[in-house]
Amino acid sequence: DARLNDQLDDLCLEQALQAFTSLPQRPQDLVLFLNLDATRLMRGLLSAQSISRAVELAGLSPRDVVLEFSDHAAEKALGLRALSETLQSFGFSVALDDVDGSPASLQRLIQLKPDLVKADTALVHGLGQSPVQQEILGALCALSRRQGALIVAEGVETEEDASLCLEMGADLLQGFHYGRPAE
């Protein structure tokens with residue numbers, strides 16, 4: 001049921017904000033990455049004002065939060081560019097997640113102009129064994145940098161993948177090599 005998914009999405013947003021604000025001795029520069037379902041935009045359930053209000057009610061400012069939209073959902077979400085621009089004007093950083101280097105994915109990156117680009121795990125995993133993946137990741141890093149975005153390499157599981165991601169131009173690394181998800 002779509003309504004149940006929407007309610008769960010709202011609850012997850014509230015819980016994530018509350019958990020972040022209640023972190024003991026939270027460093028000032030620590031940032032919360034929130035995944036948002038861009039397809040909710042088309043159903044009128046997602047707006048810059050509602051996101052901003054939720055963040056404000058949690059006692060946070062837009063600079064404390066990075067809003068992530070999956071590239072796969074962005075493909076279906078009309079109006080995401082306008083929402084992204086409004087959120088950025090409010091002071092939020094916007095990330096495009098799961099970018100795989102495909103032509104459609106690169107087109108959304110160009111249109112959306114995110115602050116961060118998260119290279120998909122499938123592009124990063126096993127990077128050392130694939131010169132083609134290395135070329136694609138390098139090109140993605142160069143394009144992202146040209147647009148003024150930082151690039152996050154997702155799915156880093158080995159020291160070799162970490163080194164190669166940095167060589168290809170990634171700014172930040174994320175993956176099991178650095179730690180498993182925790183509560």
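Me: Which residues of helix H3 are buried?
Reply: The model is a predicted one. Helix H3 spans residues 48-57, and a residue counts as buried when its relative accessible area is under 20%. In H3 the buried residues are Ala 48, Ile 51, Ser 52 and Val 55.

Me: Why are they on the same side of H3?
Reply: Their directions are taken from the helix axis to the C-beta atoms. They are on the same side of H3 because the arc they cover around the axis is only 95 degrees.

Me: What covers the buried residues of H3?
Reply: The cover includes both helices and strands. Among the helices are H1 (2-21) and H5 (80-90). The strands included are E1 and E2.

Me: Which residues of strand E1 point to the face where side chains are buried?
Reply: In a regular strand, side chains alternate between the two faces of the sheet. Strand E1 covers residues 32-36, and its side chains alternate.

Me: Which residue in E2 is the bridge partner of Leu 36?
Reply: E1 and E2 (residues 65-70) run parallel and are joined by five bridges. In one of these strands, E2, the partner of Phe 33 is Val 66. For Leu 36, the bridge partner in E2 is Phe 69.

Me: Which strands are at the edges of the sheet?
Reply: The open sheet has six strands with parallel pairing, in the order E1-E2-E3-E4-E5-E6. An edge strand here pairs on one side only. The edge strands are E1 and E6.

Me: Which elements give two or more residues to the lining of the largest pocket?
Reply: The largest pocket holds about 500 Å³ of space. It is lined by 15 residues, and those nearest its centre are Phe 33, Gln 174, Arg 180, Pro 181 and Ala 182. The elements that give two or more residues to the lining are E1 and strand E6 (172-173).

Terms used
Residues numbered from 1 in each chain as written. Predicted model: local features only at pLDDT ≥ 70, side-chain atom pairs only at ≥ 80, totals over all residues. Heavy atoms only, no water. Buried < 20%, exposed > 50% of the residue type's maximum accessible area, 1.4 Å probe, protein only. Helix = DSSP H or I, 4+ residues; strand = E, 2+ residues; numbered from the N terminus. Pairing = 2+ DSSP bridges. Contact = heavy atoms within 4.5 Å. 1 Å grid on protein atoms, 1.4 Å probe; cavity = no way out; pocket = protein on both sides within 12 Å on 5 of 7 lines; lining within 4 Å. Points joined across faces, edges and corners; volume = space filled by probe spheres on them.
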